[in-house]
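These are my notebook entries on one protein model, written in the order in which I looked things up. I kept to one topic per entry.

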Amino acid sequence: PSVPRHANRLINEKSPYLLQHAHNPVDWYPWGQEAFDKAKKENKLIFLSVGYSTCHWCHVMEEESFKNKEIGEIMNKNFVCIKVDREERPDVDKVYMTFVQATSGGGGWPMSVWLTPDLKPFVGGTYFPPEDGVHRVGFRTVLLRIAEQWKENKDALLKNSQKILEALLHRSEIRVQGQESPPSSEEVMATCFQQLSNSYDEDYGGFSKSPKFPTPVNLNFLFTYWALHRTTPEGARALQMALHTLKMMAHGGIHDHIGQGFHRYSTDQHWHVPHFEKMLYDQGQLAATYSRAFQISGDEFFADVAKDILLYVSRDLSDQAGGFYSAEDADSYPSTTSGEKREGAFCVWTAEEIRALLPDSVEGTAEGTTLGDVFMHHYGVKETGNVSPMKDPHQELKGKNVLIVQSSPELTAARFGLELRRLDVLLQEGRRRLSSARAQRPRPHLDTKMLAAWNGLMISGFAQAGAVLAEQEYVSRAAQAAAFLRRHLFDPASGRLLRSCYQGKDNTVEQSAVPIQGFLEDYVFVIQALFDLYEASLEQGWLEWALQLQHMQDKLFWDPKGFAYFSSEADDPSLLLRLKDDQDGAEPTANSVTVTNLLRAACYSGHTDWVEKAGQILAAYSERLQKIPITLPEMARATTIFHHTLKQVIICGDPQGEDTKEMLHCVHSVFSPNKVLILADGDSTGFLYRQLPFLASLERKDGKATAYLCSNFACSLPVTSPQELRGMLCP
C-alpha cells in the first residue's frame with residue numbers, strides 16, 4: 001500500500017518479533033528507560049507482553065487483540081505498553097514468568113503481566129481471548145477492571161505488589177545451606193535413572209504421554225548412566241530407553257521427512273502431529289545426541305539422522321557470515337493466493353497431491369502399483385488425512401497428512417515384493433519430488449536473530465558430529481560459526497559476550513543501538529562449544545578464548561555467598577530479582593552445563609579452584625539433586641563426572657602424522673563421558689604447554705604417536721597402538 005502505515009516505536013528495533021508488532025494500533029515501547037520514565041511521570045500501570053516470533057498463540061493474541069483499534073485505545077489510554085522478545089531478554093522473561101507460575105499455577109507465552117510504575121508485578125496470565133466467553137474473561141474486560149482498580153485502590157495494589165515480591169525472592173532462592181558438600185553421585189544417578197525409568201513410555205519412547213518434547217538432556221543422562229553400568233540390567237535398560245526414543249522420534253512426524261530437521265514437540269503420544277516450529281537449540285542438541293547414539297551403537301541409522309539435521313541447519317538456518325538463525329515459524333500461507341496463515345501448511349500433504357506427484361508405475365510389483373502407493377504406505381498417508389480431529393482443534397489439518405514412518409523398510413519392501421535397496425531408491429525419489437513441490441509453497445517466517453547461547457549449542461552439534469562421524473566439513477562449519485561469534489558477539493575491549501545480533505539489509509550483520517550484554521547461558525553454551533570445537537579441531541586458540549570467557553563468567557555471575565551462578569548480571573536496576581534457574585528442560589540450565597565446563601577448564605589449565613567451584617554448585621543444588629534429579633538430568637550427569645574425576649587423554653604426536661590420526665580416531669570412536677582430549681604436539685611455546693608444564697615430560701615412545709591417560713597429575717604407562725588405547729578407554 002502506498003499510504004505509509006501507522007508505526008509505533010518498535011519500528012526502530014531489530015528483533016523480528018518486535019518488528020511484527022510495529023504496526024499495531026497499540027503504542028508499544030521496547031523494554032527500557034523511556035517506558036519506565038513515562039509510567040512514573042504519568043503514574044500509569046505498565047502492561048508487559050512477552051513472547052517470541054515462532055509462538056503460535058502470540059500470533060493469535062496479536063490478530064485478535066493487539067490489531068484491534070478499540071482494544072488498542074483502551075491499552076494506550078490506561079497503560080504504558082511494553083513488548084519483550086523473550087529470546088532477546090530471557091532475564092526479564094524469567095522474573096515475570098516466576099511470578100505468573102507462582103500466582104496462577106501455570107505459565108507460557110504470550111505472557112501478559114501488569115506491573116506498578118516501579119516494575120513490580122501484581123496480576124498476570126498468558127493468552128487472553130479478546131471478549132468474555134463462557135469459561136474465560138476477555139482481554140478487554142481484564143484491561144478495564146485493572147485500570148479501575150488502579151484508580152480506586154492504588155495503595156492496596158502497591159502494598160500487595162511489595163508482598164508478592166518478597167515472597168518471590170524467598171521462593172526462588174537457590175543457595176548452599178550451611179556446610180553442605182556435593183551429594184553422592186551414586187545416589188543421584190540411581191534416583192534419576194529410577195525416575196526416568198518410571199516415566200518412560202515403553203511403546204513409543206519419551207518420558208511423558210503427551211505433549212512429548214525431545215529433551216536431549218534425558219537421553220544424554222541415560223548414555224552416561226549406561227557407560228558407568230554397562231554390564232548391569234539397569235545399564236542395558238538405560239541404553240535401550242535412549243536408543244528406542246531416538247528411533248521413534250526419527251520415524252515420527254516431529255521429524256521433517258521432506259525438509260529435514262526436527263519440529264519443537266509432538267502434541268500426541270506417538271511423536272506424530274507436531275507443533276511445527278523448528279528451533280535452533282533443538283537442532284544443535286539433537287545433532288550431538290544422534291551422533292552419540294551412533295558412536296555407542298555403531299548403527300548408521302543414527303548417523304544419517306545427525307547428517308539430516310546438519311543439512312537442514314546448513315541450508316535453512318545459516319547466515320552467509322557464519323552465524324545461525326534462531327527459528328522457523330509453524331504458521332504459513334497454504335498457497336501464494338491465501339489470505340490467512342495456517343499451522344503446518346508448509347509441511348503437510350493431501351493424498352491427492354502425493355498421487356499426482358508420484359504417478360509412475362513401479363516395475364516388478366503387482367499391476368497398477370504406483371510410486372505413490374509405495375510412498376503413501378510407508379509414510380502412513382490416508383485418503384481422508386491421518387491427523388486425528390482431537391489433535392487439530394482449529395481444523396487446520398483436516399484432510400491433511402503429516403508423514404510418519406509406520407512400517408519398517410523390510411515390511412514395506414515385503415508388502416510390495418521389492419528388494420530393500422530398490423525400496424530405498426524409490427522412497428528417496430519420492431522425497432525428492434515432494435521437496436521440489438514444497439519449494440513452490442510460501443515459506444514460514446524465519447527468525448533471523450542470532451543468539452550467542454543457541455549458536456553455542458549448534459557449534460557443539462557440528463563439532464561433536466564432525467569428530468564422531470569423521471566429517472571434516474562439519475568441524476569447519478563449527479569453526480566458521482565460532483569465528484562469527486568472535487567477530488559479531490564478542491567485545492574484545494571489555495572481554496564480554498553480547499547476547500544477540502541480527503541479519504541486516506543486503507546480508508550484513510547488524511547490532512541494536514544499545515547491544516544486549518550476554519547472560520550466563522551465553523557464556524556457558526559458548527564455552528562448552530569452544531571445548532567441543534577444540535577436541536574436534538585441536539586448534540588451541542579456541543581453548544584460550546574459552547578459558548578467558550570462563551574467568552569473565554566467574555566475575556560477572558558467581559554468587560560468593562550462596563554459591564552457583566546467577567542468570568543475569570548484578571548491575572541492571574530494572575531487574576527485580578537475580579535468579580538461578582533450576583530445571584533442565586528443552587535446553588539444559590546453565591548451572592548444569594557449567595559444572596562440566598569447569599571440570600574441563602581445570603583439565604586444560606591446571607586451575608584447581610575451578611574444580612572447587614563445580615563442587616560448590618552441586619552443593620547449592622544438593623537438595624533438588626537428591627529428591628527430584630529428574631528435573632536436573634544434566635546436573636545429575638555432571639555429579640558423576642565430578643566424583644569420577646575427568647581423565648586427560650593425551651596424545652603425543654605430530655598432528656599431521658597418520659599414526660596420530662589413528663589414535664585420535666580411536667578416541668573419537670569411543671563414548672567415554674569422563675574424558676578430555678589433549679594433543680601434545682611438542683611445541684613447548686604453545687598455549688597448552690604453558691598451562692600444563694607436565695606435558696613437557698611426556699615423550700613419544702620409539703618415535704611413534706603415544707597415548708597417556710592422566711588424572712590428578714599422575715599418568716598411566718604409555719601406549720602406542722589404537723587397540724591398547726581403546727582398552728584403556730573402555731575399562
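**Between domain 1 and domain 2**

I began with charge pairs at the boundary, and between domain 1 and domain 2 I counted zero salt bridges. I note here that the model is a predicted one. For polar contacts I found three residue pairs across the interface of domain 1 and domain 2, with both residues of each pair at pLDDT 80 or more. I then asked which elements give two or more residues to the side of domain 1 that touches domain 2, and these are α1 (16-20) and α3 (56-66). Sorting the residues of that side by type, I wrote down three nonpolar, four polar and one charged.

Next I looked up how many residues meet, and eight residues of domain 1 are in contact with seven residues of domain 2. The area that the two domains bury between them is about 580 Å², and 53% of it is on carbon and sulfur atoms. On the domain 1 side, Y52, T54 and H56 supply 61% of the area buried against domain 2, which is more than any other three residues supply.

**Domains and overall size**

I then stepped back to the domain assignment, which gives domain 1 as 9-172, domain 2 as 208-319 + 334-446, and domain 3 as 645-730. The centres of domain 1 and domain 2, taken over C-alpha atoms, are 38 Å apart. In the protein I find 27 helices and 21 strands, and its C-alpha atoms fill a box of roughly 85 × 75 × 50 Å along the principal axes. I checked the radius of gyration as well: a compact globule with 731 residues would have a value near 27 Å, and the protein has 27 Å, so the two agree.

**Salt bridges**

A search of the whole structure gave me 40 salt bridges. One that I looked up joins the side chains of R9 and D27, at 3.2 Å from N to O. This pair links distant parts of the chain, with R9 in the segment before α1 and D27, 18 residues apart from it, in the loop between α1 and β1 (28-30).

**Backbone details**

As a reminder to myself, most residues other than glycine have a negative phi, and most peptide bonds are trans. The peptide bond from W109 to P110 is cis, with omega near 0 degrees, and P110 is in the loop between α5 (90-104) and β4 (111-115). A cis peptide bond also joins S210 and P211, with omega about -5 degrees; P211 lies in the loop between α8 (185-199) and α9 (216-228). T215 is found in the loop between α8 and α9, and its phi is positive, near 35 degrees, although T215 is not a glycine.

Technical notes
Residues numbered from 1 in each chain as written. Predicted model: local features only at pLDDT ≥ 70, side-chain atom pairs only at ≥ 80, totals over all residues. Heavy atoms only, no water. Domains from an automatic or database assignment. Contact = heavy atoms within 4.5 Å. Buried area = accessible area lost by both parts, 1.4 Å probe. Salt bridge = Lys/Arg side-chain N within 4 Å of Asp/Glu carboxyl O. Polar contact = N/O pair within 3.5 Å; in protein donor to acceptor, adjacent residues only side chain to side chain. Helix = DSSP H or I, 4+ residues; strand = E, 2+ residues; numbered from the N terminus. Nonpolar A, V, L, I, M, F, W, Y, C, P; charged D, E, K, R; others polar. Rg over C-alpha atoms; globule rule 2.2 N^0.38 Å.
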